[in-house]
Amino acid sequence: MFSWRAVQRVSTRLQTTYADLRCNQSPNLYCWRRHGLRGFVTTGVKAEPTNSNGGLSPDHDIYVSTSTDPYFNLTLEDWLFRHSPESKPLLLIYRDSPCVVIGRNQNPWTEVNFPALRAAGIPFLRRRSGGGTVYHDLGNTNFSIHLPRASFDRHATGRLVLRAIRSLGINACLNDRNDICVGSDKMSLDSGICLLLPTFSLYVSGSAYKIVNKRAYHHGTMLITTKLDALGGFLRPQKNNIVTKGVASVRSPVSNLQKYAASTTHESFTSAVVTEFRREFGITTDICVVPDSEETKSIGYIRKGMLELSTWEWAYGQTPEFTHTLSNTFSWGDVTVEIRSKHGIILDCLLLINNARIPTSMIKALNEECRAIYAGKRYGFLQEARDHRTGEFGVASTGSTITQLSPPLQDVSIWLEKATSLI
């Protein structure tokens with residue numbers, strides 16, 4: 001087995017003042033100021049390789065990721081959750097480049113505006129915890145607090161983040177959903193959709209949770225300078241008439257921390273949360289800075305986890321059962337189609353035709369052919385029903401024979417492909 005003895009151990013010390021910060025030119029000194037993260041200085045001590053974890057250990061108390069890759073950061077969080085000592089508290093802070101993240105048990109077609117995402121070139125990911133859908137960008141800071149299950153209290157961790165916000169001079173409070181509000185505004189998203197809606201309160205922070213046998217975590221987003229117009233546009237789904245067994249997001253009005261304290265930044269919020277985490281749990285150890293390096297991404301669990309997040313099987317194939325009802329009018333009748341899907345796979349496709357101007361026998365044939373084409377296919381990817389050799393819609397009648405569809409079924413197929421497409 002290939003093994004390493006300590007390649008590099010990176011740690012940070014919280015500085016009490018910014019005036020003392022200096023960027024030493026030594027190759028063994030890593031300074032946050034170079035990355036726009038004032039308030040921390042990190043030192044790296046080169047040593048020999050010790051293990052197969054790319055020099056990264058799950059035994060630290062506080063981690064700050066310098067990566068903005070959402071696939072990496074979500075997987076790093078899961079790796080720490082699964083590999084850190086069960087009895088120790090742990091804090092992870094990170095930011096992501098623009099993306100939309102849905103909850104573990106959600107339906108992406110009822111949460112995400114796919115045309116807007118595609119136009120902006122922004123990905124969507126399904127995380128491993130529950131809760132609702134959120135938008136991430138560099139104006140939003142994510143915190144993740146891990147604790148032994150026996151001592152986990154989401155209200156206590158909520159109060160920890162609240163104290164951090166108040167230490168920045170912002171008069172914040174927790175609401176009954178454990179979301180952080182400032183005045184009438186919510187700033188920490190409860191991992192649910194947040195849109196600008198008329199209401200008595202706006203949100204700046206909220207949380208989601210994951211609990212396993214002996215471990216639990218509370219993670220959430222903190223809106224600091226997030227582009228709120230983008231947030232609303234990307235989280236406005238275009239698909240209607242979908243009845244899902246998945247968890248629906250709670251839409252809430254939102255605001256940014258900088259509205260209340262112009263000097264608030266990712267760095268100052270990070271410092272405040274680290275300080276409160278240290279005070280709450282009596283932690284004096286250094287911060288572990290996780291670099292955005294190929295070495296770290298080469299850790300087996302992280303490499304596989306990042307790959308899994310990008311697969312159809314995880315992003316779409318984990319979707320709970322749902323039914324999508326669509327209607328359209330053609331020259332030969334008024335058509336209602338009911339598509340039933342589970343785990344992203346179509347289970348059934350039922351056609352109801354009113355004011356039919358085709359024979360009853362053709363209506364029956366349409367239903368049978370529609371089921372034959374779409375049952376077992378991936379919802380949202382109905383173009384896969386086209387014959388790959390001819391590019392035409394077809395249904396196998398005998399052996400490998402491909403027959404052309406009847407004009408009514410051709411109409412239905414073209415319509416359904418467009419109506420359910422992700423584009």
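**View 1. Helix H1 and its buried residues.** In H1, the buried residues are Pro70, Tyr71, Phe72, Asn73, Leu74, Thr75, Leu76, Glu77, Asp78, Trp79, Leu80 and Phe81. Here, buried means under 20% relative accessible area, exposed means over 50%, and partly exposed lies in between (1.4 Å probe, protein chains only). This is a predicted model, in which local features need pLDDT of at least 70 and side-chain atom pairs count only at pLDDT 80 or more, while totals for chains, interfaces and linings use all residues. Residues are numbered from 1 along each chain as its sequence is written, and side-chain values use heavy atoms, with hydrogens and water left out. Helices (H or I, at least four residues) and strands (E, at least two) are DSSP runs, numbered from the N terminus. Because 12 of its 14 residues are buried, H1 is largely enclosed by the rest of the structure. From first C-alpha to last, H1 reaches 20 Å, close to the 20 Å expected at 1.5 Å a residue (the expected span is 1.5 Å times one less than the number of residues). At the start of H1, a side-chain oxygen of Asp69 comes to within 2.9 Å of the backbone nitrogen of Tyr71.

**View 2. The largest nonpolar core.** This core has 67 residues, and Leu76, Tyr316 and Leu416 have the most contacts inside it. A nonpolar core is a set of buried Ala, Val, Leu, Ile, Met, Phe, Trp, Tyr and Cys residues joined through side-chain atoms within 4.5 Å. Helix H1 (residues 70-83) supplies the largest share of this core, six residues. Leaving aside neighbours within four places in sequence, Tyr316 has contacts (heavy atoms within 4.5 Å) that include Trp109, Phe114, His343, Phe381 and Leu422. A second, separate core of 30 residues includes Ile93, Val161, Ala164 and Ala216.

View 3. Asp78 and Arg128 meet through their side chains in a salt bridge (3.8 Å, N to O). Asp78 sits in helix H1 and Arg128 in the loop between strand S7 (124-126) and strand S8 (134-136), so distant parts of the chain, 50 residues apart, are linked. A salt bridge is a side-chain nitrogen of Lys or Arg within 4 Å of a carboxyl oxygen of Asp or Glu. Both Asp78 and Arg128 are buried. Asp78, Arg82, Arg128 and Glu308 are linked in a network of salt bridges, and the structure holds 12 salt bridges.

View 4. Glu276 and Arg279 both lie in helix H5 (residues 266-281), three residues apart, about one turn of the helix. Their side chains meet in a salt bridge (2.6 Å, N to O). Glu276 counts as buried at 7% relative accessibility, whereas Arg279 is exposed at 56%.

**View 5. The loop residue Asp61.** Asp61 is found in the loop between strand S3 (40-46) and strand S4 (62-65), and is buried, with a relative accessible area of 10%. Its side chain makes a polar contact of 3.2 Å with that of Lys88 and another of 2.5 Å with that of Thr285. A polar contact is a pair of N or O atoms within 3.5 Å; within protein, one must be able to donate a hydrogen and the other to accept it, and residues adjacent in sequence count only if both atoms are side-chain atoms.
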